[in-house]
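Hi everyone, thanks for making time this morning. I'd like to walk you through a structure, so please have a look at it on the screen while I talk.

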Amino acid sequence: MTIVQFILLGAAMFSVGLYGVLTRRNAVLILASVEVMLAAVNVNLVAFDVYLADQASTGQVFALFVIALAAAEAGIGIAIVLMIFRNRHSADVDELDLMRY
Amino acid sequence: MSVGDWLSELANWVFLLLAIPTLVASVMVVSSKNVVRAVLYLVIALAGTAALFLMLGAEFVGWTVVLVYLGAVIILFLIGIMITRAPLTKSVELSEPMSAKVPAALLSFLLFGVVAWAVVQSFDSKVIPLPDEATRTAELGYSIFTSWVIPFEVVSFVLLAALIGGIVLARQDPATPVEQPR
């Protein structure tokens with residue numbers, strides 16, 4: 001196994017997630033695309049950790065931190081979407097143009 | 001390293017078996033016209049990464065992904081979809097029109113191209129030594145609570161803030177009268 005194959009998978013997943021963030025209109029699906037991007041980052045972290053054979057397993061520790069922060073992000077994100085839906089009766093981000101010039 | 005050499009290694013076939021479904025499921029997450037299916041494809045994508053972690057010997061991280069993502073975050077997404085009353089059948093409203101999709105696809109492909117070029121230039125055929133045994137969770141815990149104890153505390157504080165913030169945001173404001181369905 002080479003390191004390149006894992007980084008290419010991570011890069012491909014990250015690009016796919018970026019595409020999702022740019023093209024989705026439903027706020028919940030934008031958050032799902034962000035989760036794909038975070039999973040891609042985790043693949044990179046763990047692959048480099050095994051590649052470097054780090055004694056302290058730094059890559060795996062930071063993958064765990066990313067997982068914890070992703071869970072917090074998803075929780076807060078859904079709560080904000082819920083709040084917006086309650087006030088405006090829509091989860092479509094294109095309709096949130098209150099601050100647009 | 002040639003493609004033939006690469007394919008002669010059994011571990012690479014396992015990698016392909018896991019990576020291709022992961023990538024296809026990721027594409028379906030961002031392109032599916034059905035909200036619920038998009039989130040369920042996210043399950044496949046994240047399970048694929050968890051399986052790759054197990055393959056690399058990162059046992060604890062792999063099972064944490066299964067517990068936290070597949071167990072909790074997916075449920076959160078499904079509840080979010082149900083509460084925001086997204087159209088549960090096929091809908092074109094979920095994505096931007098084609099005029100916005102094409103530049104987004106170009107930008108994403110450009111990003112992938114630049115990263116792929118840089119990676120192949122600098123890491124060409126550097127081999128990952130497959131570990132004989134999985135990373136022991138005890139070592140991981142030792143590392144967290146010695147080298148990375150301050151980042152760990154920061155993460156725990158962020159989780160506490162997120163918990164309180166989630167409750168405060170999602171709670172019905174007591175000042176506004178609750179609409180009672182009669």
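This is a predicted model: local features need pLDDT of at least 70, side-chain atom pairs count only at pLDDT 80 or more; totals for chains, interfaces and linings use all residues.

Let's begin where the two chains meet. On one side there are 58 residues of chain A, and they are in contact with 77 residues of chain B. If you sort the chain A side by class, you get 44 nonpolar, 11 polar and three charged residues.

Now over to chain B, starting with helix α2, residues 10-31. This helix has 22 residues and spans 32 Å from its first C-alpha to its last, close to the expected 32 Å at 1.5 Å a residue. Which of its residues are buried? Those are Phe15(B), Ala19(B), Thr22(B), Ala25(B), Ser26(B), Val29(B) and Val30(B). They cover an arc of only 135 degrees around the axis, so they sit on the same side of α2(B). Turn to the other side of α2(B) and you find Leu10(B), Trp13(B), Leu17(B) and Ile20(B), which are exposed. And what covers the buried residues of α2(B)? The cover includes α1 (3-23) and α2 (27-52) of chain A, along with α3 of chain B. In other words, both chains contribute to that cover.

That brings us to α3(B), which has 21 residues. From first C-alpha to last, α3(B) reaches 31 Å, close to the 30 Å expected at 1.5 Å a residue. Its buried residues include Val35(B), Ala38(B), Tyr41(B), Leu46(B), Gly48(B) and Phe53(B). Here the cover includes α2 of chain A together with α2 and α4 of chain B. Just after α3(B) comes Gly57(B), with a positive phi of about 85 degrees.

How do α3(B) and α4(B) sit against each other? Their axes, for residues 35-55 and residues 59-83, come within 8 Å and cross at roughly 175 degrees. That angle is over 145 degrees, which makes α3(B) roughly antiparallel to α4(B). On the α3(B) side, the residues that take part include Val39(B), Leu42(B), Leu46(B) and Phe53(B), and they meet a set in α4(B) that includes Val65(B), Tyr69(B), Phe77(B) and Ile81(B). By class, the residues of this contact are 19 nonpolar, two polar and one charged.

Let me zoom in on one residue of α3(B), Thr49(B). Is Thr49(B) buried or exposed? It has 28 C-beta neighbours inside 10 Å, so Thr49(B) counts as buried. Leaving out residues up to four places away in sequence, Thr49(B) touches Ala39(A), Asn42(A) and Val43(A), and also Thr22(B) and Val65(B). You'll remember Thr22(B) from the buried residues of α2(B), and Val65(B) from the α4(B) contact.

Further along chain B, Val155(B) lies in helix α7, residues 149-170. Val155(B) is partly exposed, with 19 other C-beta atoms within 10 Å. Apart from its neighbours within four places in sequence, Val155(B) is in contact with Phe65(A), Ala68(A) and Leu69(A).

Next, the loop between α4 and α5 of chain B, where we find Glu96(B) and Pro97(B). With 15 C-beta neighbours inside 10 Å, Glu96(B) counts as partly exposed. Pro97(B) has 10 other C-beta atoms within 10 Å and is exposed. What does Glu96(B) touch, not counting residues up to four places away in sequence? The answer is Thr23(A), Arg25(A) and Lys101(B).

My last stop is Ser57(A), in the loop between α2 and α3 of chain A. Ser57(A) has a positive phi of about 50 degrees, although it is not a glycine. Ser57(A) is buried, with 29 other C-beta atoms within 10 Å.

That's my tour, and I'm happy to go back to any part of it.

Notes: Residues are numbered from 1 along each chain as its sequence is written. Chains are lettered from A and ligands numbered from 1 in the order in which they are written. Axes are lines fitted to C-alpha atoms, for helices over the stretch in contact, and angles run from 0 to 180 degrees between N-to-C directions. Helices (H or I, at least four residues) and strands (E, at least two) are DSSP runs, numbered from the N terminus. Angles under 35 degrees count as roughly parallel, over 145 as roughly antiparallel, 65 to 115 as roughly perpendicular and the rest as oblique. Two residues are in contact if their C-beta atoms, placed from the backbone, lie within 7 Å. Ala, Val, Leu, Ile, Met, Phe, Trp, Tyr, Cys and Pro count as nonpolar, Asp, Glu, Lys and Arg as charged, and the others, Gly among them, as polar. The expected span of a helix is 1.5 Å times one less than its number of residues. A residue is buried if 20 or more other C-beta atoms lie within 10 Å of its own, exposed if 12 or fewer, and partly exposed in between; C-beta atoms are placed from the backbone. The arc is that of the directions from the helix axis to the C-beta atoms.
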